[in-house]
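These are my notebook entries on a single protein chain.

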Amino acid sequence: MKIAVLGGDGFVGWPTSLHLSNLGHEVHIIDNLSRRWIDTELGVQSLTPMDSIQERTRIWHLETGRRIHFHLIDIARDYDLLKAWLQEHRPDAIVHFAEQRAAPYSMKSDRHKNYTVNNNVSATHNLLNAMVETGVDAHLVHLGTMGVYGYSSVGAAIPEGYLPVGIETLAGRRVDQEILYPANPGSVYHMTKCLDQLLFQFYAKNDGVRITDLHQGIVWGTHTRETRMHDQLVNRFDYDGDYGTVLNRFLIQAAIGYPLTVHGTGGQTRAFIHIQDSVRCVELALASAPKAGERVKIFNQMTETHRVRDLAELVSEITGAQVAYLPNPRKEAPENDLVVRNEQFLDLGLKPTTLAEGLLSEVVDVAKKFTYRVDRSRIPALSAWTRDIAPTLDADPEGRRLKRVS
């Protein structure tokens, strides 16, 4: 297949591009490289040293003989360029990662909230609009988030996208139907993913666009089989307070002797998936496309759930790191349960990589190897969800007072 990977320079987009190329597909990365500009804005860099996208794709060609094509397009702003590209290349499938992905970054300030909404919602709508206008009948696979469900405890397993409900009619009869699971976003970032869901529902119903939405858990890990082929193919590793996911942050904190920062009670339960499984899920989703006219196909893309404090204890047992409890910058319940249905990917053949199998090698092979690149001042999480929370976040576990960056 000819596959366009939007946001293919990013944390999940890059290893997905390599994986699909290695399977023999013709891969085109479309990216505006905004994630690299955000690194500059925040004054922090990936723990792993990353070459330019042009150098990365050159190395991939030298190693494998396969080409990954790169196109510099901002799909949230350059609608005409995107439309012209689709008209010319007419891909068989489109994998959509081209959204600002960090909840803390989306809550830093009013400017960051506006950027996240404008970028994410416009990117998704521009893409759908352009697909309809050009008549490109591509299967669209979108990377969503488990966060659309929220993190409240309802005492039942979260289904894969749709909730069966019964409604009593005026005549007193019960009518059964399935609706989107009620959206409950916990940040501006998660809110944009909820809006994506509605856009997908409309365009699938109105124009027959074939869409798969992947509600993904927190991704951990760095390497896939393809990124291990050459040092310059390495994936990015974010450890800072805005973009570093909780488990990757714990790993780098342990590697440099920094206390593992658990915010609040640590009773927040989250869904997780290894980066290798994430790219495999995209492969499986591409091979299981809905037909035109069918409703959006939704997968819960996760493999296990853990409480944050339990994760910290697990990493502490492996590494000997201390655990520090700090004020929570997020507005959320201090404790929640999370039971998630994920049979669809398991039925399609996914064999999950568990934390128990992969944590130690991640600490040794990545975190400890690149500790010289860590800026300790960028580790604390300082982006507050509300004005009331912000004044509580000025101290880090090493006893220093920190200046909030916004």
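This is a predicted model: local features need pLDDT of at least 70, side-chain atom pairs count only at pLDDT 80 or more; totals for chains, interfaces and linings use all residues.

Entry 1. I then looked up burial: of the 406 residues, 56% count as buried.

**Entry 2. Overall fold.** I recorded twelve helices and 14 strands in the chain. The radius of gyration is 21 Å, close to the 22 Å that the globule rule gives for 406 residues, so I note the chain as being as compact as a globular protein of that length. Along the principal axes, the C-alpha trace spans about 65 × 60 × 40 Å. Among contacts in the chain with a separation of 6 or more, 80% are between residues 24 or more positions apart.

**Entry 3. Nonpolar cores.** Which residues have the most contacts inside the largest nonpolar core? I found Leu-86, Ile-94, Leu-127, Leu-128, Met-131, Leu-140 and Ile-211, in a core of 38 residues. Strand 1 (2–6), helix 4 (79–89), helix 6 and helix 7 (188–207) are the elements that give two or more residues to this core. Apart from it I noted another core, of 32 residues, which includes Ile-3, Ile-68, Phe-97 and Val-219.

I followed Ile-211 further. Leaving aside residues up to four places away in sequence, Ile-211 touches Leu-128, His-139, Leu-140, Phe-200, Ala-204, Pro-290, Val-296 and Lys-297.

**Entry 4. Salt bridges.** Side chains of opposite charge can pair when their charged atoms come close. I counted such pairs with a cut-off of 4 Å between a side-chain nitrogen of Lys or Arg and a carboxyl oxygen of Asp or Glu; the count comes to 21 salt bridges. I looked up three of these pairs in turn.

Glu-41 and Arg-111 meet through their side chains at 3.3 Å, N to O. This pair links distant parts of the chain, with Glu-41 in helix 2 (residues 34–42) and Arg-111 in helix 6 (residues 110–134), 70 residues apart. Glu-41 is partly exposed, at a relative accessible area of 35%, and Arg-111 is also partly exposed, at 49%.

Glu-55 forms a salt bridge with Arg-58, and the closest N and O atoms are 2.8 Å apart. Both residues belong to helix 3 (residues 53–64); because they are three residues apart there, about one helical turn separates them. I noted 21% relative accessibility for Glu-55, which counts as partly exposed. Arg-58 is partly exposed too, at 42%.

**Entry 5. Cysteines.** A disulfide is a covalent bond between the sulfur atoms of two cysteines. How many disulfides does the structure hold? I found zero. Cys-194 is buried, with a relative accessible area of 9%. Cys-281 also counts as buried, at 1% relative accessibility.

How values were computed. Residues are numbered from 1 along each chain as its sequence is written. Side-chain values use heavy atoms; hydrogens and water are left out. Helices (H or I, at least four residues) and strands (E, at least two) are DSSP runs, numbered from the N terminus. Buried means under 20% relative accessible area, exposed over 50%, partly exposed in between (1.4 Å probe, protein chains only). A nonpolar core is a set of buried Ala, Val, Leu, Ile, Met, Phe, Trp, Tyr and Cys residues joined through side-chain atoms within 4.5 Å. Contact means heavy atoms within 4.5 Å. The radius of gyration is taken over C-alpha atoms; the globule rule is 2.2 Å times the number of residues to the power 0.38. A disulfide is a pair of cysteine sulfur atoms within 2.5 Å.
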